[in-house]
Amino acid sequence: METHKLFFSHFCFFLFSLLIGYQGVYGSSHHHHHHHHRHHGIYGFRPTKLFVFGDSYADTGNNRKSEANSWKVPYGITFPGKPAGRFSDGRVFTDYIAKFLGIKSPIPYRWRNFGIKRLRNGMNFAYGGTGVFDTLILDPNMTTQIGFFEKLINDSVYTKHDLQSSLAHVSVAGNDYAAYLYKGGTYQGLQTFIMQVVNQIFIDLKRIHSMGVRKITVTALQPLGCLPPSTVASSFQQCNATQNTAVSFHNLLLQQAVAKLNNETKDSPFVILDLYTSFISVLKNKGEYQGSSKFETPLKPCCMGISNEYSCGSVDDKGAKMYTICDNPDSAFFWDTAHPTQAGWHAVYTSLQATLQQI
């Protein structure tokens, strides 16, 4: 971890000088983005299908049961009451977007052969652990996930009409940066890598839209410096500002990419769901939004391994739990080392209502 700290402190200085230079562009594209969307509700577009791409923040059961903790106790204890492939104690962001649209959460791609009726709400192609590019796991990256979608369209599982009344949701990139650092990526190379990641997201978003999907939401990268591995050093008291500065650079480039896509298309089909701002806001206010839980120590995860070797859901050779769980998951924002609780996602969803109205 020491090398990571050094790496990020160097990178921080470099980024601040870079961000100052971008300020003007960021301001104008941000304003432009809002201007485009203000009157969207008039057209009465109401998606009836949801297609989901990305990682564990969106996955509802695609990972293999033998490999992912999301299929182990205590995941799923709040909803549906047992492990069901979601990286949380209950619902994840995908479920809340589906709720907003008034449809059932779309079926995971792995279960696509379970009858035509199950396909009517769309499909979820997201796999926990994946990224824009290949990460440390073998599950399909974004390009492959979009390929699955393309094949279903080519096989006439979904029609042109289906696509025109659908929303695609893209949640990706956190794992790309984790893999970059894990593989020994250097400070000198990070700026270039961030640009490559955002450039690939640009290509992916354009490709999904070109298939006929009417609206596409993409998440801004969450504040990685606020995730438990980055806050454990301060006893879960403060976020790592230098890591969050790097995330801000990613999000800045994403803003510019989405502004460019919206300029190139009619009806501004692309909308950023700003997870960065909503996470920070919920953590700062301890979740005190209308109807949401109060998070007493918002940076501390509910489910923790009893030492660094173990994670939430792990057991020893005799089946004894090697983790602890808080008394009430509703009082925690983070479930494990990377993922919000159902209550955490609900608070984030609540804070994003205004943006969701633009869909």
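1. A nonpolar surface patch of about 330 Å² is formed by L136, I137 and Y182. Patches comprise residues with over 30% relative accessible area and no salt bridge, nonpolar side chains (Val, Leu, Ile, Met, Phe, Trp, Tyr) being joined within 5 Å and like charges within 9 Å; areas follow the Shrake-Rupley method with a 1.4 Å probe, and for residues only the protein chains shown count as cover. The model is predicted: local features need pLDDT of at least 70 and side-chain atom pairs pLDDT 80 or more, whereas totals for chains, interfaces and linings use all residues. Residues are numbered from 1 along each chain as its sequence is written, and side-chain values use heavy atoms, without hydrogens and water.

2. Y182 belongs to helix α5 and, at 65% relative accessibility, counts as exposed (over 50%; buried is under 20%, partly exposed in between; 1.4 Å probe, protein chains only). Helix α5 (residues 174–182) has G174, D176, Y177, A179, Y180 and L181 as its buried residues. Helices are DSSP runs of H or I, at least four residues, numbered from the N terminus. Just after α5, G184 adopts a positive phi of about 85°.

3. The salt bridges number 8, each requiring a Lys or Arg side-chain nitrogen within 4 Å of an Asp or Glu carboxyl oxygen. E150 pairs with R207 at 3.0 Å, N to O. Because E150 lies in helix α3 (residues 142–154) and R207 in helix α6 (residues 187–210), this pair ties together parts 57 residues apart in sequence.

4. E264 and K206 form a salt bridge, their closest N and O atoms 3.3 Å apart. E264 is in helix α8 (residues 241–264) and K206 in helix α6, so parts 58 residues apart in sequence are tied together.

Terms used. Helices (H or I, at least four residues) and strands (E, at least two) are DSSP runs, numbered from the N terminus.
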